[in-house]
Amino acid sequence: MSVTLHWFLPTSGDGRTIVERFHANRTQGAPARREADIDYLAQVARAAEANGFVGVLTPTGTWCEDAWLTTAALIAETKTLKFLVAFRPGVVSPTLAAQMASTYQRISGGRLLLNVVTGGDAVEQQRFGDWHDHDQRYARTDEFLHVVRGAWTGQPFDFSGEHYRVAGATVLAPPNPTPRIYFGGSSEAALPVAARHADVYLTWGEPPAAVAEKIGRVRALAQARGRTVRFGVRLHTISRDTSAEAWLEAAKLLDALDPEQVRKAQSQLGASQSVGQQRMVALHGGDLSAGVRGLEVHPGLWAGIGLVRGGAGTALVGSHSEVADLIEEYHAIGVEEFVLSGYPHLEEAYWFGEGVRPELAARGLLAGQEELVTAG
C-alpha cells in the first residue's frame, strides 16, 4: 500500500504568513501578498506537477475564486495533474453537477476528482441561500450523491426523496473514468454518508490515534454496506533540511499573528456547527501564548495554523526525514492519501517535493505512483 500525494491551490491568495498582519502602526510592514491570479496559480500547479503531486485541492467558499472555473482554466497549463475540485452540494442541482463533472472529464482527459463539502458554518451556507441545519445538510448530501451516481450511469434515473426529486436524470455520456468522490465530516450525521458514497474519506490532521479511531468507524460502516473506502488526511507542511530550521519557520508564522486576530478567529471558529472544526479548535484552545513548541500536539504535529485558519489547522513540522516519519505513522494506521499545503504554496511545494518525497520513495511508500496518476 503506497501513499498518494496532493497539493493545494491557494485561490484566495498566498503569502509568507498564514493571514495578513494588521498592525496599529505599519512599522513592521505588511507581508508579501500574492494575488490569486491565473498566472500565479499556474505556477503553483506546475510546481505541484513537477514535484510529483498527483492532484491539487481547490477550495470552495466566499473568500476564494470558484473552483470549477479556476481549475478548468489550468487544464491547459498542466499535463497530468488532477484537480480535486471542492464544491457544495446544497447550491447546485445534482443532475447539473453530474453533467459538469462529465464534461470536465472529457475536456481534461480524465483529470477530475471531486471533494464534496457539506458545510458546517451556518453563516457561510446562508450566504449561498442554504438555511438547512447541520444534520439536514448531510441528509441532503446523501440524496445528492445518490442522484449524481445515478445520472453517471448514462441511463435515465428517477429518484424521489425528502430533498430531491428527479425524473430521467442523465448525462450526454458517462464520465470516463468516473471521478473519485472525496468526502469529509466527523459528526454522527456525516459518517454513514461517507460509508455509503465516499471513495476517499478525508479528515483534518488530528493526532494519529484520533485519526485511527475515526478510520475504524468509517471502515466498519462501509464494510457493513459491502464497500471499501480509502482514507486521506488534510495537513500543512513545514519541511526543512534540519529540524531546527523547520521549527524556526513555524515560529516565524506564529510571531506574525496578532493576538486580536487570534481572538476574532477563535470566536468565529468556536461557533462553527462543524464537529471537525470543533475538534481542530480543541487541539490548541486558542492559546497564542503557548509558544511554538507548546502548540505541538503530537511529535512533529503543530496546531499553530489553526489559531487563525478554519479547516485544516495542523502542520507536519521537522526535517525531511522527520516529516516522512510522521507520514509513515499515519500510513501505518490506514491513511493512503495526503492533501498538503504550505506558506507560500509555491516554495513549500519544492521544499516537500525535493526533500520529503525522496525520503518516502526510499522507504517504498511511492511504489505504483505512476498508475495513480492515470487511474480514475
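Reply: What follows takes the features in turn, with the general idea given before the case.

Me: Which conventions apply to this model and its numbering?

Reply: This is a predicted model, in which local features need pLDDT of at least 70 and side-chain atom pairs count only at pLDDT 80 or more, whereas totals for chains, interfaces and linings use all residues. Residues are numbered from 1 along each chain as its sequence is written, and side-chain values use heavy atoms, with hydrogens and water left out.

Me: How is the packing of two helices described?

Reply: Two packed helices are described by the angle between their axes and the distance between the axes. Axes are lines fitted to C-alpha atoms, for helices over the stretch in contact, and angles run from 0 to 180 degrees between N-to-C directions; helices (H or I, at least four residues) and strands (E, at least two) are DSSP runs, numbered from the N terminus. Helix 1 (residues 38–50) and helix 2 (residues 67–74) pack with their axes 10 Å apart and at an angle of about 70°, which makes helix 1 roughly perpendicular to helix 2. Angles under 35 degrees count as roughly parallel, over 145 as roughly antiparallel, 65 to 115 as roughly perpendicular and the rest as oblique.

Me: Which residues make the contact of helix 1 with helix 2?

Reply: Contact means heavy atoms within 4.5 Å, and on that basis Ile38, Leu41 and Ala42 of helix 1 touch Thr70, Ala73 and Leu74 of helix 2. By class, these residues divide into 5 nonpolar, 1 polar and no charged, where Ala, Val, Leu, Ile, Met, Phe, Trp, Tyr, Cys and Pro count as nonpolar, Asp, Glu, Lys and Arg as charged, and the others, Gly among them, as polar.

Me: What is the angle between helix 1 and helix 12?

Reply: Helix 1 and helix 12 pack at about 5°, with their axes 9 Å apart, and are therefore roughly parallel to each other. Here Tyr40, Gln43, Val44 and Ala47 in helix 1 meet His345, Leu346, Ala349 and Tyr350 in helix 12, a contact with 6 nonpolar, 2 polar and no charged residues.

Me: How do helix 11 and helix 12 pack?

Reply: Helix 11 (residues 320–332) and helix 12 (residues 345–362) have axes 9 Å apart and an angle of about 60°, and they are therefore oblique to each other. The contact is made by His320, Ser321, Val323, Ala324 and Ile327 of helix 11 with Trp351, Phe352, Gly355, Val356, Glu359 and Leu360 of helix 12, and its residues divide into 7 nonpolar, 3 polar and 1 charged.

Me: Are Trp68 and Phe87 buried or exposed?

Reply: Buried means under 20% relative accessible area, exposed over 50%, and partly exposed in between (1.4 Å probe, protein chains only). Trp68 is buried at 12%, and Phe87 is buried at 7%. The rings of Trp68 and Tyr104 have centres 6.1 Å apart and planes at 65°, so this pair is edge-to-face. Trp68, Phe87, Tyr104, Phe144 and Tyr164 form one aromatic cluster.

Me: Where are cis peptide bonds found?

Reply: One joins Asn176 and Pro177, with omega about 0°, and Pro177 lies in the loop between strand 8 (165–169) and strand 9 (181–184). Another joins Tyr343 and Pro344, with omega about -10°, and Pro344 is found in the loop between strand 15 (337–341) and helix 12.

Me: What is Asp142 in contact with?

Reply: Asp142 lies in helix 5 (residues 134–152) and is buried, at 17% relative accessibility. Leaving aside its neighbours within four places in sequence, Asp142 is in contact with Val193, Arg196 and His197.

Technical notes. Rings of Phe, Tyr and Trp (its six-membered ring) pair if their centres lie within 6.5 Å; planes under 30 degrees apart count as stacked, over 60 as edge-to-face and the rest as tilted.
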